[in-house]
Amino acid sequence: MSANVDLVFKALASPERRLLLDRLRADNGQTLTQLCARMERSRQAVTKHLKVLEAATLVVTRWRGREKLHYLNPVPIHEISERWIGKYERGRLSALADLKTKLEGEENG
Amino acid sequence: MAESEFVYVTYIRTTREKLWQALTEPEFTRKFWVDTVQECAWKQGATWTLKAPDGRVADAGEVVEIDPPRKLVLTWQNHLFPEMTAEGFSCLTYVLEDKGGVVKLMLTHTMNKKDSKTIKAVSNGWPHLLASLKSLLETGESLPGTDKWPEGI
């Protein structure tokens, strides 16, 4: 239940679910309809993926009036990285990531 | 609606009372919240300040709603960076829900402004602070680096 690591890895092991997270990262707080419109997938398929992401708490929801909004929750990913990344490695890793982004010209998943 | 907002959730093996204490009492908060000190009378309408270890006010606002140990709503204005101060007040909400042995902490930070610099800055910091808060409550120790004010700020 508590940020279950298995659920997080399971949720991330799907390109479509990662794409949903990318969409929320770009534009946080979307409704199901907004997410479906941009995914070119059936409402049913997107709902199913969102359930898996919600079970892993990678996506959290909040009501605003009658709209259910979906938000990217990076906290479980952060907890996983804390487990394996040492105190002094963080700076070097982030420098490496910056270098990779720069050399490759753009972010890619 | 033109606004900037994020919602973060973490589950912590603790009680709501202990989590409330960790979020509001200075001896706890400074351990995971980079040695800052919160000053507040913790009642509706009271002034709230978050001070850097050198005494400067980093952020300030007031208590909008308080319902221990369930919900706390604060207004929040940054005082260290002029471009963020100029954005005015954002709103921070903590909701603590008992889930039987674990507590679900939902943190929402909102500002009625698109692409808010304040929201961008706090959204980068919170995942690390929340992971540290969880560690502090579950193991008694916060995460390295979260017990000290960052250099150069």
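Of the 153 residues of chain B, 36% count as buried, a residue being buried if 20 or more other C-beta atoms, placed from the backbone, lie within 10 Å of its own. The model is a predicted one, in which local features need pLDDT of at least 70 and side-chain atom pairs count only at pLDDT 80 or more, whereas totals for chains, interfaces and linings use all residues. Residues are numbered from 1 along each chain as its sequence is written, and chains are lettered from A in the order in which they are written.

Chain B contains four helices and seven strands, defined as DSSP runs (H or I, at least four residues, for helices; E, at least two, for strands) and numbered from the N terminus. From the N terminus on, these elements of chain B follow the order β-α-α-β-β-β-β-α-β-β-α. The radius of gyration of chain B, taken over C-alpha atoms, is 15 Å, close to the 15 Å that the globule rule gives for 153 residues, so chain B is as compact as a globular protein of that length; the rule is 2.2 Å times the number of residues to the power 0.38. Along the principal axes, the C-alpha atoms of chain B fill a box of roughly 40 × 35 × 25 Å. Among contacts in chain B with a separation of 6 or more, 48% are accounted for by residues 24 or more positions apart, two residues being in contact if their C-beta atoms, placed from the backbone, lie within 7 Å.

The contact between the chains takes 17 residues from chain B and 16 residues from chain A. On the side of chain B that touches chain A, the elements giving two or more residues are β1 (4-12) and α4 (117-139) of chain B, and β1(B) gives the most, with seven residues.

How values were computed. Buried ≥ 20, exposed ≤ 12 C-beta atoms within 10 Å, placed from the backbone.
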